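I'm keeping a few notes as I look through a structure that is new to me. Here it is, before I start.

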Amino acid sequence: MRDLLLLQTTPAQDDDLFGSFKDFFGSPVWLVLRNVVLFFLAVFWIASAYWVYKDARRRIEDPWLLAMAVALGIFPPFLGPLLYMFFRPPEYLEDVRERELEIKAMEESLGEAARCPVCRAVVEPQFLACPVCTTKLKEACRRCKAPLEPLWQVCPYCETPVESPRAVENL
Ligand SMILES: [Zn+2]
Ligand SMILES: [Zn+2]
């Protein structure tokens with residue numbers, strides 16, 4: 001009765017094609033080996049699917065695309081994660097956000113209107129004084145009265161040399 005059960009539960013023994021292999025495939029060593037291999041395949045499968053989930057979460061914002069990526073990571077096993085690696089977005093979301101912030105900050109600093117250093121009122125580049133708090137913003141050219149930037153050494157409109165107040169004092 002016990003032998004009959006064994007015969008029924010080990011189909012490899014019915015297989016005469018493999019002749020000498022049948023003892024091996026029927027042996028407990030083969031079963032243990034097969035189970036160990038299956039166990040590691042399963043562990044590796046779960047690990048690769050989890051890796052896809054973790055990686056996709058950092059790269060994909062859309063929940064549907066994220067779900068699709070995770071599904072691909074699970075099935076087909078091993079091939080799915082490989083395919084995912086080929087088609088995943090090249091950048092992490094945090095890097096994309098960081099770059100967008102940098103660009104935004106750069107645009108803001110470029111497009112920012114000139115402001116009075118004292119009261120922060122918006123002032124035009126040609127203003128000589130702040131119209132709100134009367135702070136002196138720029139010197140006017142001695143000859144043509146054009147507003148001059150502090151660094152300018154000569155008036156660009158009439159070529160009159162700019163004399164700094166200190167130079168005037170020294171004269
Ligand atoms: Zn002001
Ligand atoms: Zn001038």
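This is a predicted model: local features need pLDDT of at least 70, side-chain atom pairs count only at pLDDT 80 or more; totals for chains, interfaces and linings use all residues.

**Entry 1: ground rules and one residue**

I began with Glu149, which is partly exposed at a relative accessible area of 33%. For these labels, buried means under 20% relative accessible area, exposed means over 50%, and partly exposed is in between, using a 1.4 Å probe and protein chains only.

Residues are numbered from 1 along each chain as its sequence is written, chains are lettered from A and ligands numbered from 1 in the order in which they are written, and side-chain values use heavy atoms, with hydrogens and water left out.

**Entry 2: salt bridges**

What does Glu149 pair with? I found a salt bridge to Lys138, with the closest N and O atoms 3.1 Å apart. The pair links distant parts of the chain, eleven residues apart: Lys138 sits in the loop between helix 6 and strand 1 (139-140), and Glu149 in the loop between strand 2 (147-148) and helix 7 (165-170). Helices (H or I, at least four residues) and strands (E, at least two) are DSSP runs, numbered from the N terminus. Lys138 is buried, at 14%.

I then searched the whole structure and got six salt bridges. To count, a side-chain nitrogen of Lys or Arg must lie within 4 Å of a carboxyl oxygen of Asp or Glu.

Asp55 is buried, with a relative accessible area of 8%, whereas Arg88 is partly exposed at 25%. I also noted that Asp55, Arg59 and Arg88 are linked in a network of salt bridges.

I looked at Arg99 and Glu91 too, whose side chains meet in a salt bridge at 2.7 Å, N to O. Arg99 is partly exposed at 38%, and Glu91 counts as partly exposed at 32%.

**Entry 3: a pocket**

Arg88 turned up again when I listed the lining of the second largest pocket: Ile60, Leu65, Met68, Ala69, Leu72, Tyr84, Phe87, Arg88 and Pro89. On a 1 Å grid over the protein atoms alone, a pocket is an open set of points where a 1.4 Å probe fits, with protein on both sides within 12 Å along at least five of seven lines, and lining residues have an atom within 4 Å of a point.

How much space lies in the second largest pocket? I read about 180 Å³, a volume being the space filled by probe spheres set on the points, which are joined across faces, edges and corners.

Helix 4 (63-74) and helix 5 each supply at least two lining residues, and helix 4 gives the most, with four. By class I have eight nonpolar, no polar and one charged. Here Ala, Val, Leu, Ile, Met, Phe, Trp, Tyr, Cys and Pro count as nonpolar, Asp, Glu, Lys and Arg as charged, and the others, Gly among them, as polar.

**Entry 4: the zinc ion (ligand 1)**

Which residues hold this ion? I see Cys116, Cys119, Cys130 and Cys133, each through SG, at 2.2 to 2.3 Å. Donors are N, O and S atoms within 2.8 Å of the metal (3.2 Å for Na, K and Ca), and water is not among the atoms, so sites may look incomplete.

Why is the arrangement around the zinc ion (ligand 1) tetrahedral? The angles between its four donor atoms are 106 to 112 degrees, and four donors count as tetrahedral if all angles lie between 85 and 135 degrees. The ideal tetrahedral angle for four donors is 109.5 degrees.

Along the chain the donors follow C-x2-C-x10-C-x2-C. Cys116 is buried at 0%, but Cys119 is partly exposed at 30%.

I also checked Val118, in the loop between helix 6 and strand 1, and found it exposed at 58%. Its C-alpha atom is 9.6 Å from that of Thr134, 16 residues apart along the chain.

**Entry 5: the zinc ion (ligand 2)**

For this ion I wrote down Cys141, Cys144, Cys155 and Cys158, again SG atoms, at 2.2 to 2.3 Å. Cys141 lies in the loop between strand 1 and strand 2 and Cys158 in the loop between strand 2 and helix 7, so the pair ties together parts 17 residues apart in sequence. The site is tetrahedral, with angles of 104 to 118 degrees, and the donor spacing is C-x2-C-x10-C-x2-C. Cys141 is buried at 2%, and Cys158 counts as buried at 17%.

How values were computed: Four donors count as tetrahedral if all angles lie between 85 and 135 degrees; four count as square planar and six as octahedral if opposite donors are over 155 degrees apart and all others between 65 and 115; anything else is irregular.
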